[in-house]
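Trainee: I should like to study this structure by asking about some of its side chains and one of its helices. May we look at it together?

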Amino acid sequence: MLRKTDFYIDGKWIAPIVAKELEVINPADEQAFATISLGSAADVDKAVIAARNAFTTWSISTREDRLAWLERLIAIYESRLSDMARAISSEMGAPMTMALEEQAASGMGHLKAFQRALKNFEFERPLDAHNKNVRIAYEAIGVCGLITPWNWPMNQVVLKVVPAIAAGCTVILKPSEVAPMSSILFAEIIDASDLPAGVFNLVNGDGPTVGEAMSRHPGIDMMSFTGSTRAGIAVTKAAADTVKRVSLELGGKSPNIVFADTDVEAAVKRGVAHVFNNTGQSCNAPTRMLVERSVYDKATEVAAQTAKATKVGDPSQEGDHMGPLVSELQFNKVQGLIEQGIKEGARLIAGGTGRPEGFNRGYYVRPTVFADVNNGMTIAREEIFGPVLTMIPFDTEEEAVEIANDTPYGLAAYVQSGNVERIKRVSKQLRAGMVRINGASHAADAPFGGYKQSGIGREGGHWGLEDFLEVKAISGWEDSTA
């Protein structure tokens with residue numbers, strides 16, 4: 001049993017002010033494998049003092065200083081990549097191959113993307129070519145509270161911590177208490193990178209206690225949160241009294257439009273695999289597959305076959321298989337929504353309730369596909385966050401766009417078509433922050449975020465830096481230096 005009960009504050013590992021221990025559960029066997037501490041508002045106060053003191057000097061550090069630190073961080077992170085993969089696999093159930101090649105690797109990809117962004121970012125510039133007497137300066141916003149989820153731990157930790165620090169801010173990180181071990185390891189990596197004390201701080205805890213204290217704290221200038229829309233609303237309300245900036249990356253119910261003029265078999269297989277990746281626990285998963293009616297029967301057949309061929313296995317093993325859901329809470333939620341889909345009349349063509357054959361423990365679920373879904377059903381409206389695909393037929397391009405946009409979310413959308421003009425036309429009509437065409441990947445430098453209840457702001461690349469910067473207009477600049 002690992003014991004990681006200290007917090008990282010002001011460059012030191014220190015015990016919480018009030019001891020409150022929590023066991024961390026391995027979702028593959030439902031057994032505790034580590035113990036952490038849950039913090040309190042008093043621990044947040046201590047971290048804020050450290051961060052505010054450090055901000056005085058770190059905010060005026062040079063680009064070169066920050067790049068040198070980032071280079072050290074990248075080297076240390078790379079040396080601990082296999083350790084990071086093991087931590088992620090144990091805490092949230094990602095199979096080892098995926099934990100190394102996707103989960104841990106996503107952190108490395110974002111580290112390098114922010115290194116590129118920082119090298120090229122203009123922190124000062126003239127207003128425009130015609131008005132050089134107004135100087136535009138981008139300056140660090142201050143102390144930032146960062147709350148990250150359990151589903152892609154390093155992807156989200158790096159997307160917040162690194163651009164904030166690169167922008168000149170100081171930070172307090174609260175990772176998910178469900179999967180905190182990778183963030184504790186990341187704090188160890190930061191500790192070894194010679195970052196000045198107080199620039200990075202870590203306080204473990206739950207949302208109602210530590211998350212709430214951070215959101216309300218007058219000494220925190222900005223909150224950046226990734227998680228459920230419900231929790232994002234709570235952060236926003238708590239932050240309102242101090243009028244701090246709030247950046248949110250929330251849920252999704254992303255449409256995947258499959259037109260008849262594409263390679264239907266390849267598009268459907270690709271879409272099903274994307275939904276089942278990370279056991280369906282990705283906010284941008286294409287969980288609503290909209291299929292043109294003329295190829296709908298073929299698409300449902302391919303989807304069912306693909307789901308039935310999807311392997312489920314122990315996350316500690318390498319290979320191309322699906323692991324468990326992260327927790328009992330998540331397992332029960334997904335089971336309940338599968339039952340709801342059956343109750344509302346959707347046609348179950350693969351999977352269903354209960355564990356897969358051969359499993360009597362662990363939070364494993366069956367890869368599930370529903371056909372003949374209409375967009376008013378619960379499974380088409382709610383973010384399930386499990387390996388559950390809903391398939392909806394459509395007749396016209398206009399109807400496909402209407403169904404795709406008929407959602408409170410707007411994180412991602414996907415288009416599969418062989419018609420270039422249609423691709424361009426449909427992509428521009430979709431109310432989503434990201435559109436991916438015919439299996440294209442999303443670059444680490446590209447902005448990640450969505451419309452509507454999928455959030456506020458963008459992460460990644462130079463957009464990630466901008467999120468943590470204030471904009472100052474200085475008039476009379478040329479006159480003062482003439």
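Trainee: Over the ring of which residue does the charged end of R66 sit?

Mentor: The model is predicted. A charge sits over a ring only if it is within 6 Å of the ring centre, besides meeting an angle limit. The charged end of R66 is 5.9 Å from the centre of the ring in question, which belongs to F123.

Trainee: How far is the charged end of R422 from the centre of the ring of F259?

Mentor: This is another charge placed over a ring, that of F259. The distance from the charged end of R422 to the ring centre is 4.2 Å.

Trainee: Is the aromatic pair of F121 and Y138 stacked, tilted or edge-to-face?

Mentor: The ring centres of F121 and Y138 lie 5.5 Å apart, with the planes at 80°. Planes over 60 degrees apart count as edge-to-face. The pair of F121 and Y138 is therefore edge-to-face.

Trainee: Is F121 buried or exposed?

Mentor: Buried means under 20% relative accessible area. F121 has a relative accessible area of 8%, so F121 is buried.

Trainee: What distance separates the end C-alpha atoms of helix α8?

Mentor: Helix α8 has twelve residues, 229–240. At 1.5 Å a residue, they should span 16 Å. The end C-alpha atoms agree with that expectation, being apart by 16 Å.

Trainee: Which residues of α8 are buried?

Mentor: The elements that cover the buried residues of α8 include β8, α7 and β11. The buried residues themselves are T229, A231, G232, V235, A238 and A239.

Methods:
Residues numbered from 1 in each chain as written. Predicted model: local features only at pLDDT ≥ 70, side-chain atom pairs only at ≥ 80, totals over all residues. Heavy atoms only, no water. Helix = DSSP H or I, 4+ residues; strand = E, 2+ residues; numbered from the N terminus. Expected span 1.5 Å × (residues − 1). Buried < 20%, exposed > 50% of the residue type's maximum accessible area, 1.4 Å probe, protein only. Contact = heavy atoms within 4.5 Å. Phe/Tyr/Trp six-rings, centres within 6.5 Å; stacked < 30°, edge-to-face > 60°. Lys NZ or Arg CZ within 6 Å of the ring centre and 35° of its normal.
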